[in-house]
Amino acid sequence: MPLPRPALLALVLGAAGAAAAQPRDAAEQRAYVEGRFVRALTFHAVGDDGAAAAALDEVLALRPDDPAVYDARAEVALARGEAADALFYAERAAALAPASADIRLGLARALDRAGRPVEAVEAAEAARSLAPDDPAVWETLAGLYARAGRGDAEREALAAGVRLHDTAAARLRLSALYERAGDAEAALDAARAAQRLAPDDPTARRRVAALAAPPRPDAAADATPPAAEGGAVGGEAAAGQTAEGGAESVDALLATVEADPRRLDVWARALQALAASGDPRAGAVADDALLLFPAVPAVATPAAEAYLAAGRPADARRAAERARAALDAQGDAPDADDLRARLDRVLAATDG
């Protein structure tokens with residue numbers, strides 16, 4: 001019978017501790033442990049998460065009741081795609097430091113990655129009660145609300161975060177949310193605020209231009225169908241249209257979204273075309289698309305594919321997981337089966 005995870009961890013840490021406990025007095029041991037902890041964080045910062053995990057396991061053997069070490073171990077496990085391990089370490093950290101907002105946020109991220117969105121929101125809301133003036137709390141909450149399809153709550157969280165730490169990215173997300181809620185004036189104000197914060201950002205400029213422009217006479221005829229807001233764009237049909245058009249079609253699609261960034265269907269077709277052609281612009285266009293529509297499956301799905309084609313597997317996986325969560329929250333949306341199948345391919349390609 002396999003050992004329960006805590007018992008297995010105790011055996012592993014005990015063995016590591018026997019090998020690691022070289023310092024002879026308390027001061028020397030403390031310096032040694034702190035040095036190993038800093039070394040582990042350095043490994044994580046440079047992307048060597050295997051070495052970071054090994055160093056943190058050694059530190060845990062010597063400091064088994066330190067919530068900061070468990071929190072760091074959970075973060076490394078998340079970076080390695082080890083959702084179950086990340087949740088175990090995050091829960092241990094939260095049990096040791098229940099009043100730490102940072103650790104509650106780490107638990108929220110681990111729960112979210114483990115596919116427990118309701119509990120993830122609860123953990124982030126607990127962090128909010130502990131640190132209501134921390135913009136990171138509101139940013140995390142906004143992301144969790146977005147993945148749960150709770151647009152109103154996402155908008156409120158973003159607005160609260162902006163009051164504490166104003167960024168162009170947050171303002172652009174707010175602009176898209178206000179527009180979806182039917183508040184064109186607030187959407188334009190948020191876009192203009194983004195442009196003031198980042199005057200050289202082409203995305204902010206395009207969004208202001210699109211929102212400030214008078215409605216076109218043919219707007220009713222070519223407006224995005226309401227179903228697209230919920231995540232429905234004809235996946236296979238769109239892919240066929242772009243595949244036939246080649247590079248010229250990609251350029252035309254990008255010109256269209258630059259002229260009118262509200263066209264979700266065109267964003268989706270452009271991203272699919274970029275992914276299919278291996279165009280070097282794929283990653284940057286996916287960044288722009290998710291800045292405006294972070295939780296719309298019809299956009300997030302081809303964005304994940306574009307990231308994968310651009311050699312950015314971590315971003316591809318995050319976009320795919322966000323799109324799956326949004327699809328699950330929406331229920332039986334049109335084209336949901338096609339989108340899920342495409343997301344499954346991205347997740348399989350980025351597994352491990």
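Start by selecting Pro-98, which sits in the loop between H5 and helix H6 (101–113). Helices here are DSSP runs of H or I with at least four residues, strands are runs of E with at least two, and both are numbered from the N terminus. Before you go on, know that this is a predicted model: local features need pLDDT of at least 70, side-chain atom pairs count only at pLDDT 80 or more, and totals for chains, interfaces and linings use all residues. Residues are numbered from 1 along each chain as its sequence is written, and side-chain values use heavy atoms, with hydrogens and water left out.

**Stop 1: around Pro-98**

Now, what does Pro-98 touch, not counting residues up to four places away in sequence? Show Arg-104 and Leu-130 and you have the answer. Touching, or contact, means heavy atoms within 4.5 Å.

**Stop 2: H6 and H7**

Arg-104 and Leu-130 both turn up again here, in the contact of H6 with H7. Select H6 together with helix H7 (residues 117–130): they pack at an angle of about 165°, with their axes 8 Å apart. Axes are lines fitted to C-alpha atoms, for helices over the stretch in contact, and angles run from 0 to 180 degrees between N-to-C directions. That angle makes H6 roughly antiparallel to H7. The naming goes like this: under 35 degrees is roughly parallel, over 145 roughly antiparallel, 65 to 115 roughly perpendicular, and the rest oblique.

The crossing of H6 and H7 is left-handed, as the near helix is turned anticlockwise from the far one by less than a right angle (clockwise would be right-handed). To see the contact itself, show side chains on H6 including Leu-105, Ala-108 and Leu-111, and on H7 including Ala-120, Ala-123 and Ala-127. By class, this contact has eleven nonpolar, no polar and three charged residues. Nonpolar covers Ala, Val, Leu, Ile, Met, Phe, Trp, Tyr, Cys and Pro; charged covers Asp, Glu, Lys and Arg; the others, Gly among them, are polar.

**Stop 3: a cluster of rings**

Next, select Tyr-70, Phe-88 and Tyr-89, which ring pairs link into a cluster. How many aromatic pairs does the structure hold? There are two. Rings of Phe, Tyr and Trp (its six-membered ring) pair if their centres lie within 6.5 Å; planes under 30 degrees apart are stacked, over 60 edge-to-face, and the rest tilted.

Look at Tyr-70 and Tyr-89 to begin with: the ring centres are 6.4 Å apart and the planes are at 35°, so this pair is tilted. The pair links distant parts of the chain, with Tyr-70 in helix H4 (residues 67–79) and Tyr-89 in helix H5 (residues 83–96), 19 residues apart.

Buried means under 20% relative accessible area, exposed means over 50%, and partly exposed is in between (1.4 Å probe, protein chains only).

**Stop 4: Glu-154**

Jump to Glu-154 in helix H9 (residues 151–164). Glu-154 is buried, with a relative accessible area of 3%. Leaving aside neighbours within four places in sequence, Glu-154 is in contact with Ala-142, Tyr-145, Ala-146, Arg-173, Leu-177 and Pro-294.

**Stop 5**

Select helix H11 (residues 184–197) and helix H12 (residues 202–212), whose axes come within 9 Å and cross at roughly 150°. That makes H11 roughly antiparallel to H12, and their crossing is left-handed. Among the residues that meet are Leu-188 and Ala-191 in H11, and Val-208 and Leu-211 in H12.

Now compare helix H18 (residues 297–309) and helix H20 (residues 336–349): their axes come within 10 Å and cross at roughly 30°. That makes H18 roughly parallel to H20. The contact residues include Thr-301 and Leu-308 of H18, and Leu-343 and Val-346 of H20.

**Last stop: zoom out**

Show the whole chain: 20 helices and zero strands. Buried residues make up 46% of its 352 residues.
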